[in-house]
Amino acid sequence: MAADIKARDNGPFLVTGEFTIRDSDGNAFDTAGKDSVALCRCGASKNRPFCDGSHRDSGFTSQEKASGS
Ligand code: FES
C-alpha cells in the first residue's frame, strides 16, 4: 500500500502504508514493525522527526484544509 500522509489538526503528520523515513544523509530511521508513524510538524518534539506529544503543550495550532476535488 502506498504511503498516505494525514495532517492532524494541531498535531503531527500521520504516515501510514509503506514508507521509509530518512535523514538528510539518506539514512533510514528504524521504523521496523510499525505500520504508521507520527511526524512532528510543530518543532517541539524531543524525538524529531517523530512526534512525542509535545505539541499539546506548545500552543501549536494548524488546521489547514485541502480544498478537495
Ligand atoms: S507535532 Fe507532536 S510534538 Fe510536534
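Is Leu39 buried or exposed, and at what relative accessibility? At 17% relative accessibility, Leu39 counts as buried, where buried means under 20% relative accessible area, exposed over 50% and partly exposed in between (1.4 Å probe, protein chains only).

This is a predicted model, in which local features need pLDDT of at least 70 and side-chain atom pairs count only at pLDDT 80 or more, whereas totals for chains, interfaces and linings use all residues. Residues are numbered from 1 along each chain as its sequence is written, and side-chain values use heavy atoms, with hydrogens and water left out.

View 1. Apart from neighbours within four places in sequence, Leu39 is in contact (heavy atoms within 4.5 Å) with Pro12, Phe13, Val15, Ile21, Pro49, Phe50 and Cys51.

**View 2. The aromatic pair of Phe29 and Phe50.** Rings of Phe, Tyr and Trp (its six-membered ring) pair if their centres lie within 6.5 Å, and planes under 30 degrees apart count as stacked, over 60 as edge-to-face and the rest as tilted; by this rule there is one aromatic pair. The ring centres of Phe29 and Phe50 are 5.6 Å apart with planes at 85 degrees, so the pair is edge-to-face. Phe29 is partly exposed at 30% relative accessible area, while Phe50 is buried at 14%.

**View 3. Charges over the rings of Phe50 and Phe13.** The charged end of Lys34 sits over the ring of Phe50, 5.8 Å from its centre, a placement that requires NZ of Lys or CZ of Arg within 6 Å of the ring centre and within 35 degrees of the ring normal. The charged end of Arg41 sits over the ring of Phe13, 5.1 Å from its centre.
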